[in-house]
Amino acid sequence: MKHPFDTSKNFFTKIAAHKKKIAVLLIAVMILPYLTQTFLERQEQKREEKGVDLKNEALDRFSDYVTQSDYDNGLKEINGLIQMDGSNPQYFLKRAGLYVLLDQRDLALDDLNTTLALSPDLYDALQLRSQIYDEKGEYESAIADYQKMYELDSTQKDVLMYIADCYQQLPDYEKAIEAYDTAARELPEYASAIAYARGVCYYSTEEFDKAVTDFLNYYST
């Protein structure tokens, strides 16, 4: 006959063994989501790395096509890149530049607007858009972009001349004269060209004495 103590001992041994199995099971259940998450993260990392490689290869092909003046194939490459990543402002900027080469400035403007919506302070996009506005005679829009460019980089002082020229083309001669005055202070090396352009503005506002002074300065140079 077994002693009651032995029976109790066996009973608790079974409970302990059962608890051990439960503990192992619980640990496995806890580890499984971690392993699954780690696996998924690694897979995602591999996909991202593969995606970067594909994009870099497409960019290389795009550059080669543009260099070779094969704009049709270049357009296919950049369209593919935009399909892969429609949040990258550089892709829209590159396609805008390609549209300029294809003499499709309205499409270029659409892409530049998208570029600047994604990255409002992208200097290259502002520069290209301002030039297109200038060419199209949309001088107020060009002035806004030129002013933004100067705010972003005041070392690019040539922009001051472009602003003044746009005011002259509007024609808003008073603002043009003010802008030429600013350009003259910042760009003394262009004093002759500024004197002539400002003289035209003075002539247009019938300030003939000032116009003559500027024209004589231009003439003497």
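## Close-up views of a predicted model

**View 1. A salt bridge joins K55 and D85.** The side chains of K55 and D85 meet in a salt bridge, with N and O 3.5 Å apart; the term stands for a side-chain nitrogen of Lys or Arg within 4 Å of a carboxyl oxygen of Asp or Glu. This pair links distant parts of the chain, 30 residues apart, since K55 belongs to helix α1 (residues 4-67) and D85 to the loop between α2 (71-84) and α3 (89-101). Helices here are DSSP runs (H or I, at least four residues), numbered from the N terminus. With a relative accessible area of 16%, D85 is buried, whereas K55, at 22%, counts as partly exposed; buried means under 20% relative accessible area, exposed over 50%, and partly exposed in between (1.4 Å probe, protein chains only). The structure holds 13 salt bridges, and D103, R105 and E135 are linked in a network of such bridges.

The structure is a predicted model, in which local features need pLDDT of at least 70 and side-chain atom pairs count only at pLDDT 80 or more, while totals for chains, interfaces and linings use all residues. Residues are numbered from 1 along each chain as its sequence is written, and side-chain values use heavy atoms, with hydrogens and water left out.

**View 2. D121 meets K148 of helix α6.** The side chains of D121 and K148 form a salt bridge of 3.1 Å, N to O. Because D121 lies in the loop between α4 and α5 and K148 in helix α6, the pair ties together parts that are 27 residues apart in sequence. Leaving aside neighbours within four places in sequence, D121 is in contact (heavy atoms within 4.5 Å) with K148 and L152. The C-alpha atoms of D121 and L152 are 7.4 Å apart in space, although the two residues are 31 residues apart in sequence. D121 is partly exposed at 45% relative accessibility, and K148 is partly exposed at 28%.

View 3. In α8, A176, I177, A179, Y180 and A183 are buried. These buried residues fall within an arc of 165 degrees when seen down the axis, so they line one face of the helix; the arc is that of the directions from the helix axis to the C-beta atoms. The face turned away from the buried side carries the exposed residues E174, E178 and R185, while α7 (158-169) and α9 are included in what covers the buried residues.

**View 4. Y196 and Y218 form a tilted aromatic pair.** The structure holds four aromatic pairs, in which rings of Phe, Tyr and Trp (its six-membered ring) have centres within 6.5 Å, with planes under 30 degrees apart counted as stacked, over 60 as edge-to-face and the rest as tilted. Y196 and Y218 form a tilted pair, 4.9 Å centre to centre with 50 degrees between the planes. The pair links distant parts of the chain, 22 residues apart, with Y196 in helix α9 (residues 191-204) and Y218 in helix α10 (residues 208-220). Y196, F215 and Y218 form one aromatic cluster.

Note on methods. Helices (H or I, at least four residues) and strands (E, at least two) are DSSP runs, numbered from the N terminus.
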